[in-house]
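Subject: Structure handover

Hello,

Here is the structure I promised. Please look it over first; my notes follow below.

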Amino acid sequence: MRNRALHIIGWPALAAALIALPYGLSFSQQEVLVFLTINVLLVASYRLLTLTGEWSLGHVVIMGVGAYASALYTKELGIYVPISMILGACTAALVAMLLSFPLFRMKGFYFLIGSFAAGEIIRLLWKRFRDPFGGPKGIKKIDPMPDFDIGIYSFDFFEPISYYYLALVVVGICLWIMWRIERSPVGLTFHAVHWQDKLAEAAGVNVRAYRTLAFVIASGFAGLSGALLAHYIGTVNPNSFDIEMMVFVLTWAIVGGTATFYGPIIGAIVLTILNEVVLREMGFEQMRPLIYGLLLICSVLFLPKGLESVVQKVLARRNGSGAAAAGEEQA
Amino acid sequence: MVELLAQTGLNAIYAASYMSLVAVGLVLIFGVMGVINFAHGELFMLGAYTVVALYADFQLPFLFAVAVGLVFVGVVGLGMERALFRPLRDNPLGGLVASIGFLMILQALAVMGFGVRMEHVPPVTQEVIVFSEKVRLAVPRLFVIVAAVVLLTALWAFLKKTRFGWALRASAQDPEAAALQGISINQTSRIAMFIGAGLAGIAGALTAPLVSVNPYMGHSVIVSAFIVIIVGGIGSLEGAVVAAVAYAFVHTIVTTFWDGVIADIVGLSLMLVVLIVKPTGLFGTADRA
Amino acid sequence: MLTTILKNGLTRRKLLGATAAAVGSAATASLLPKAAFAAGKVIKIGFLAPLTGPVSAWGKPGLDGCQIWAEWVNAAGGIKLADGNHMVEFIGYDNEYDPAKARTGATKLVREDEVKFIMMLGGDTWPGAQPVADTTGMLFSTLLPSDLSPDTTTLLAPAEVHPIYNVTGVEWLAENKPDLKTAVMCAQDDALGLPSVATYLAAFEAAGIEMQDAPLLFDPATTDFAPVVTKMLSTNPQIVCLDTAYSDYVHPICEQLFQQGYKGQIISCTADFYEQILEKTSVEFMEGFIFQFPDFDDPALNADFINFQEPNRFYEEYSKRHPGEWGAVSWEYASIMDLWRAAAEKAGSAEPDAVLAAMKEGGKGKHIFGDAEWWGKDLFGIDNALVGNWPVVVIESGKARIKGFKSIPEWYAKHGDLMKKHMAAYGQMWNQRT
């Protein structure tokens with residue numbers, strides 16, 4: 001079987017490429033790579049949320065909830081960093097659960113703006129309550145991931161390469177879990193809730209419960225990405241999770257396309273490389289936002305189905321019809 | 001105390017005026033075209049920079065600069081409609097991203113043309129209407145209030161009394177049915193976009209001498225405008241005006257009697273409460289997702 | 001506009017970088033004569049600050065000032081070290097006021113560009129760069145001393161000692177206008193505003209001036225200041241204090257004070273572009289306005305104890321190149337470079353540890369406003385802020401004039417406990433900062 005062959009060769013090849021990748025990069029590109037890996041988790045979790053048809057503007061704040069929570073657990077309670085990261089993710093999921101009660105009374109555009117308001121309130125609370133959130137300056141000197149040695153490789157988490165490997169493993173596992181969720185009956189119900197919500201309801205599906213479930217799971221992964229970020233840069237503050245950052249996540253998802261699992265990931269990778277590496281290297285200091293804006297407009301105008309549609313076309317041409325699914329899996 | 005309340009009332013009326021201008025434009029665009037114009041704050045900024053260029057730099061009369069601001073920003077709106085929103089009519093999220101891209105372009109152009117520092121706009125007049133020692137209203141603020149009342153009344157008359165207005169309301173209510181009635185969606189979109197952008201432009205132009213004009217000034221406007229249109233109900237022009245007035249009064253009073261940060265929290269919380277109690281906003285009925 | 005685009009759009013880095021493929025190098029070289037010395041002995045200095053976005057007004061004008069500084073120094077033969085003369089080159093990195101990008105930028109500047117010194121705005125961005133400083137021992141400077149803490153020995157606050165210099169304005173006010181006894185204050189709720197609020201509260205208490213109301217905090221996104229001003233004036237204060245507000249707030253607040261009929265004393269940390277405030281209000285209204293940042297054409301700056309090369313000519317040159325952009329940040333980064341240069345030449349080396357040792361030798365340093373001491377153990381946990389005299393500037397007949405230089409350490413010796421009390425109340429002591 002062709003698909004099987006692709007799996008046997010494709011996955012190890014991809015893994016090897018990802019492991020070798022940082023050695024071909026400069027130091028600052030390695031730093032960008034770390035943030036990019038974390039953002040891949042963020043944007044993939046965002047897609048999970050959008051599966052049910054709801055677009056949130058609070059996702060980055062939820063990421064911040066994970067970051068703040070994990071930072072505070074290590075600082076205030078002295079919890080071991082990897083465990084506090086998981087607790088941070090749980091906290092984000094819990095906060096999302098609480099928010100879902102008011103938010104899922106709304107749909108569509110109202111939900112979009114409602115989630116924005118909820119996020120802004122959380123940010124204002126961070127600013128207002130200096131104890132324990134540190135006010136506008138946020139939290140500093142968050143404990144880093146403790147260094148360790150696994151025999152063949154010794155991890156020094158100041159080094160971007162080390163943290164990249166950590167993030168790669170964590171993000172890889174999370175992506176795999178999200179992929180399994182999407183392919184499970186639960187995930188298929190998410191799709192049904194999006195495309196046929198009246199029908200799903202008529203078939204006895206509790207639409208609101210499934211929306212909430214998607215929101216909570218997605219928020220958990222977003223919280224984990226926030227925790228990964230917090231323990232790398234060692235600081236969190238309310239401004240890092242503002243609407244501008246949210247706009248970036250939104251554009252990654254939409255420019256990449258959200259029909260496939262890999263669409264938003266491609267969007268995040270391509271746009272980050274363009275903005276952080278290409279445009280910076282070309283020295284467009286003040287013009288950078290302008291060119292980035294132009295790129296956004298061009299991509300939605302000329303690639304309305306997202307970058308993923310390009311990948312699909314290429315794969316379809318190479319593998320013949322019907323192999324698009326294989327391409328999806330490979331990514 | 002009476003004086004303090006009176007002055008607070010005047011402050012609130014002014015805030016309500018410019019906020020209504022911005023919010024009504026945003027609602028009009030969303031109502032007719034179904035797209036969230038994230039760049040609306042930057043259209044406001046563009047109006048302010050028109051005044052910077054014409055009035056402050058070229059020393060043309062202020063009211064001329066304001067009029068140009070209205071028309072110029074309206075025309076930019078037409079351009080956005082033609083280049084961005086029309087091709088993306090079936091793709092509201094695409095429209096959202098396009099407006100975000102356009103916002104970044106406008107900001108960057110403002111930075112490159114004028115620099116990151118705030119711009120100086122000389123006062124049009126320093127006259128102040130003195131009601132009593134502690135109750136005063138500066139004339140430039142009166143301009144904004146008068147302009148808001150006149151323009152919004154004119155808009156109301158246009159929507160209720162003219163054929164175009166009728167067509168506009170029809171396509172805001174139900175675009176498909178309106179199209180079946182022979183109403184051109186392109187036509188109504190153009191009108192909505194021109195008026196919506198023009199209102200943001202004139203609000204920016206009129207307030208330019210009163211606020212700090214800088215390339216990022218649109219940011220703070222759009223957040224309050226979102227709150228206002230949500231509370232009012234997204235499709236509703238009347239709702240936008242009522243919510244703008246309510247929000248301005250609440251925010252001003254809380255700022256005066258507690259402080260500004262608490263006022264923001266109160267504003268956002270009120271909005272959430274409204275959404276929870278009546279998820280379509282005070283005046284919203286249609287379920288447009 | 002085209003010239004602006006060329007100037008900002010094409011930096012030297014583009015030429016030096018290996019990826020300059022987009023533009024033919026011959027064509028750009030003619031546009032950028034400055035690139036010529038790139039081949040000689042060059043010391044690179046990192047400039048890691050917001051160059052785009054809403055905070056860029058705190059970074060970009062500083063880089064512009066540094067370019068003038070570099071041209072002057074290079075024209076005069078460069079930095080004279082033990083192994084000969086070196087040219088100076090600034091390498092900018094736009095951190096967008098984001099800690100993650102600050103970390104990336106710090107890594108790039110230290111490990112790829114091999115700079116010898118990095119100047120930052122600080123604030124939100126410093127904690128991002130801090131691990132890089134800790135690991136590499138690179139010398140950093142910040143404009144915000146509240147970034148200082150005992151565990152980073154290579155971070156200095158050598159120019160701005162915000163907000164503690166604000167005590168000098170209040171002290172001068174109390175000495176010269178002793179009948180003013182009541183005050184109100186407003187401030188934006190952010191990392192710059194809060195420590196400044198604590199400072200002013202301490203200074204007012206030390207001067208026997210009574211606060212009529214708790215300081216009024218407003219959100220940084222505020223644009224309409226009428227309610228804020230109405231509230232402040234409701235208690236009929238004799239002094240209105242604007243705290244450390246950006247010019248985006250100072251101007252509309254002053255305008256509102258004017259329009260709402262206020263006639264009393266105003267004291268503020270900054271008054272950038274005060275000519276514009278004058279135009280929006282009146283010369284009489286602004287008479288006696290106290291703040292802390294002199295114009296650089298002030299003759300008082302030509303005094304011998306001022307450690308800044310030709311301040312008047314610098315101001316002139318800057319205003320010529322960037323009309324209307326002059327502000328405190330325009331000179332602050334350049335003044336840090338003066339200090340750095342003196343230390344590097346004394347040490348005969350540009351290596352961070354050698355420069356740091358030379359800079360801090362004897363616990364004294366040459367601050368722009370006169371000889372000063374390395375200070376701050378009490379407030380910041382480490383003596384890495386260069387603190388001495390600071391000018392008190394007063395607007396007289398529409399022109400800012402330095403009315404005197406006042407000593408911050410002397411004030412602190414008398415009233416240090418008050419400062420600590422108020423700083424602690426606002427959670428601003430170094431050991432309180434989480």
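Chain A first. Among its contacts between residues at least 6 apart in sequence, 74% join residues at least 24 apart. Two residues are in contact here if their C-beta atoms, placed from the backbone, lie within 7 Å.

Some ground rules. This is a predicted model, in which local features need pLDDT of at least 70, side-chain atom pairs count only at pLDDT 80 or more, and totals for chains, interfaces and linings use all residues. Residues are numbered from 1 along each chain as its sequence is written, while chains are lettered from A and ligands numbered from 1 in the order in which they are written.

Chain A, overall

The secondary structure of chain A comes to 15 helices and two strands. Helices (H or I, at least four residues) and strands (E, at least two) are DSSP runs, numbered from the N terminus. Of the 331 residues of chain A, 52% count as buried. Buried means that 20 or more other C-beta atoms lie within 10 Å of the residue's own; exposed means 12 or fewer, and partly exposed is in between, with C-beta atoms placed from the backbone. The C-alpha atoms of chain A fill a box of roughly 55 × 50 × 45 Å along the principal axes. A compact globule of 331 residues would have a radius of gyration near 20 Å, and chain A agrees with 20 Å. That radius is taken over C-alpha atoms, and the globule rule is 2.2 Å times the number of residues to the power 0.38.

Chain A, domains

The domain assignment gives domain 1 (26-240) and domain 2 (242-331) of chain A. Such bounds come from an automatic or database domain assignment. The centres of the two domains, taken over C-alpha atoms, are separated by 21 Å. In this pairing, 19 residues of domain 1 of chain A are in contact with 16 residues of domain 2 of chain A. On the domain 1 side, the elements giving two or more residues are helix H2 (27-50), helix H3 (59-77) and helix H7 (160-183) of chain A.

Chain B

Chain B has eleven helices and two strands. From the N terminus on, its elements run α-α-α-α-β-β-α-α-α-α-α-α-α. Its radius of gyration is 19 Å, close to the 19 Å that the globule rule gives for 289 residues, so chain B is as compact as a globular protein of that length. Its C-alpha atoms fill a box of roughly 60 × 45 × 35 Å along the principal axes. Buried residues make up 62% of the 289. Of the contacts in chain B with a separation of 6 or more, 75% are between residues 24 or more positions apart.

Where does chain B touch chain A? 35 residues of chain B are in contact with 32 residues of chain A. Helix H4 (92-114), helix H9 (218-232) and helix H11 (260-277) of chain B each supply at least two residues of that side of chain B. H4(B) gives the largest share, 14 residues. The side of chain B that touches chain A divides into 27 nonpolar, six polar and two charged residues.

Chain C

Start with helix H4 (residues 60-75) of chain C. Its 16 residues should span 22 Å at 1.5 Å a residue, and its end C-alpha atoms agree at 23 Å apart. The expected span is 1.5 Å times one less than the number of residues. Buried residues in H4(C) include Leu63(C), Cys66(C) and Trp69(C). Their cover includes strand E1 (42-49), strand E3 (84-94), helix H13 (311-321) and helix H14 (328-347) of chain C. Just after H4(C), Gly77(C) takes a positive phi of about 105°.

Now the strands, where two pair if DSSP finds at least two bridges between them. E1(C) and E3(C) run parallel, joined by eight bridges. Phe47(C) has Gly92(C) in E3(C) as its bridge partner. E1(C) also pairs with strand E4 (residues 117-120) of chain C, in the parallel sense over four bridges. There, Leu48(C) is partnered by Met120(C) in E4(C).

Best regards

Terms used: Ala, Val, Leu, Ile, Met, Phe, Trp, Tyr, Cys and Pro count as nonpolar, Asp, Glu, Lys and Arg as charged, and the others, Gly among them, as polar.
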